[in-house]
Amino acid sequence: MPHHFYPYLVNKLSPNLYVIIERQEPLFEDWGRTFYVNSMQLVIGEKRAALIDTGYGYGDLPQLVRDYTDLPVDLLITHSSYDHWRGSYQFEGKGEIYMHEADYAKIKDRMSELKLDFHPKPLNDGDVFDLGGIKLESILVQGHTAGSIVFFDRTHNYLYTGDAVNLLPWVFSGTVPLSEYCIALKRLRDMTPGQPAVLCGHAWDPHPYQILLDSITACEEVIVSGGEGDPQYRAPWEPNGRIFPNAYMHQVGRVRLCYNKTCLK
């Protein structure tokens, strides 16, 4: 397939699943690999397809999707971080768009400023999207944002997590206490006993389920210790590693949990 659109790369994991990477320069090395700025997942069923997130959407993302499927495409937005929904306006009138109401409320003013208009339907915990042969189950995992949603494909044992579960979970905004995030992660663990592979919003390949278990352990350790001895978090892509106010980092395995010491419980 030609990739002549703004810098998209496509990783075909199966005939039903493509990871779309929105590459930006400069890239940087972190976690021992190249960090791709944003990734989206295109899940193709027998009757419909679903695109999970849009990245910044500077290129013609709908046309790129059409390279891989002619089926109707629903857009499922995992949360309100700018790098996951900005391209959503391109899908207005081309299919159904879904987003949790708590997160949509957060971005309305930002949308007006940017003159990006789209009108999502409410996305709720427990919603099921039947694509034909593939069902995506919506699971609320509050923490990174109040309305973060992950999607579970039981048929192929994949978990699509946006930023709710990844190698560098950010839970330092103060919107949701770390203890509530920990509870949400444990609920997610209990709902996914088959230990699915994890496809997050910033990776080329699936991560092992262990990152969910390590995230739970990291939360538990911080809640007990209060974060004593943990360093402040420095963003690796910022000049001189800019420090985020109130953000501290606790590592378990490959997961580096970034949390707010003033919002633990």
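Helix α4 (residues 178–191) and helix α5 (residues 210–225) pack with their axes 9 Å apart and at an angle of about 150 degrees. Here, axes are lines fitted to C-alpha atoms, for helices over the stretch in contact, and angles run from 0 to 180 degrees between N-to-C directions. The model is predicted: local features need pLDDT of at least 70, side-chain atom pairs count only at pLDDT 80 or more, and totals for chains, interfaces and linings use all residues. Residues are numbered from 1 along each chain as its sequence is written, and side-chain values use heavy atoms, with hydrogens and water left out.

The crossing of α4 past α5 is left-handed, that is, the near helix is turned anticlockwise from the far one by less than a right angle. On the α4 side, the residues in contact (heavy atoms within 4.5 Å) include Leu178, Tyr181, Cys182 and Leu185; among their counterparts in α5 are Leu212, Leu213, Ile216 and Cys219. The residues of this contact divide into eleven nonpolar, two polar and three charged. In this scheme Ala, Val, Leu, Ile, Met, Phe, Trp, Tyr, Cys and Pro count as nonpolar, Asp, Glu, Lys and Arg as charged, and the others, Gly among them, as polar.

Stepping back to the whole chain, the secondary structure comes to five helices and 18 strands, taken as DSSP runs (H or I, at least four residues, for helices; E, at least two, for strands) numbered from the N terminus. The radius of gyration of the chain is 18 Å, which agrees with the value near 18 Å for a compact globule of 265 residues; it is taken over C-alpha atoms, and the globule rule is 2.2 Å times the number of residues to the power 0.38. The C-alpha trace spans about 55 × 40 × 35 Å along its principal axes. Among contacts between residues at least 6 apart in sequence, 60% join residues at least 24 apart.

Arg256, in strand β18 (residues 255–260), counts as buried because its relative accessibility is 17%. Ala105, in helix α3 (residues 101–114), counts as exposed at 52%.

Terms used
Buried < 20%, exposed > 50% of the residue type's maximum accessible area, 1.4 Å probe, protein only.
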